[in-house]
Amino acid sequence: MGLNKKIKIDDLKDNRAVSEAREKLRDNRTRGIVKWVFEIIVTLVFAVLVAISAFQTVTLQESAMEPTYSVGEKFFVNRALYKFSSPKRGDVIVFKTSASDSAALHIRRVIGLPGETVEIKDGKVYIDGSETALDDSFIPEKMQGSFGPYTVPDNCYFMLGDNRN
């Protein structure tokens, strides 16, 4: 009989040890799950903040860039790029003509950089009096007419659409 009592007490101790171990395991598992969920939420919030501040969706509403880009076509625009560098000739950029938040967005190709002199002779674009015209093989039809010479002011760019007639 004493043996039975001892076995029952040992069973109780074992059950306590097992139940404590189960509780610790559940606590560790719960902490791990909570930590994992928290890390996912923080990552998603960070990703959304980066996306909001660095990128913008733009819909082309003008035919100035056809046929390179069509009216109604949507783009993701990297708004952070030109905070670290300047536009280069040939870049397609999105800009507003005024500082108003409601101002329309325009999409054009950079042709002239600040301080350069742009001249269009017989439909060909020349920079700083160069004898060689800029490559215009990407435009659908030969541009007509003449313009300039025009010196691009500091902090400004000379832009043209790809549909130049």
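Which residues make up the largest nonpolar core? The core has 10 residues: Ile 111, Val 118, Ile 120, Val 125, Ile 127, Ile 139, Met 143, Val 152, Phe 158 and Leu 160. A nonpolar core is a set of buried Ala, Val, Leu, Ile, Met, Phe, Trp, Tyr and Cys residues joined through side-chain atoms within 4.5 Å. Buried means under 20% relative accessible area, exposed over 50%, partly exposed in between (1.4 Å probe, protein chains only). β5 (117-121), β6 (124-127) and β8 (158-160) each supply at least two residues of this core. Strands are DSSP E runs of at least two residues, helices H or I runs of at least four, numbered from the N terminus. Apart from this core lies another, of 6 residues, including Val 58, Leu 60, Phe 75 and Val 77.

The model is predicted: local features need pLDDT of at least 70, side-chain atom pairs count only at pLDDT 80 or more, and totals for chains, interfaces and linings use all residues. Residues are numbered from 1 along each chain as its sequence is written, and side-chain values use heavy atoms, with hydrogens and water left out.

Now the sheet. Three strands form an open sheet in the order β3-β4-β8, with antiparallel pairing. Strands pair if DSSP finds at least two bridges between them. β3 (92-96) and β8 stand at the edges with a single partner strand each, so one side of each has no neighbour in the sheet. Between β3 and β4 (residues 105-112) there are 5 bridges. Lys 96 has Leu 105 in β4 as its bridge partner.

β3 also gives the most to the lining of the largest pocket, with 5 residues.
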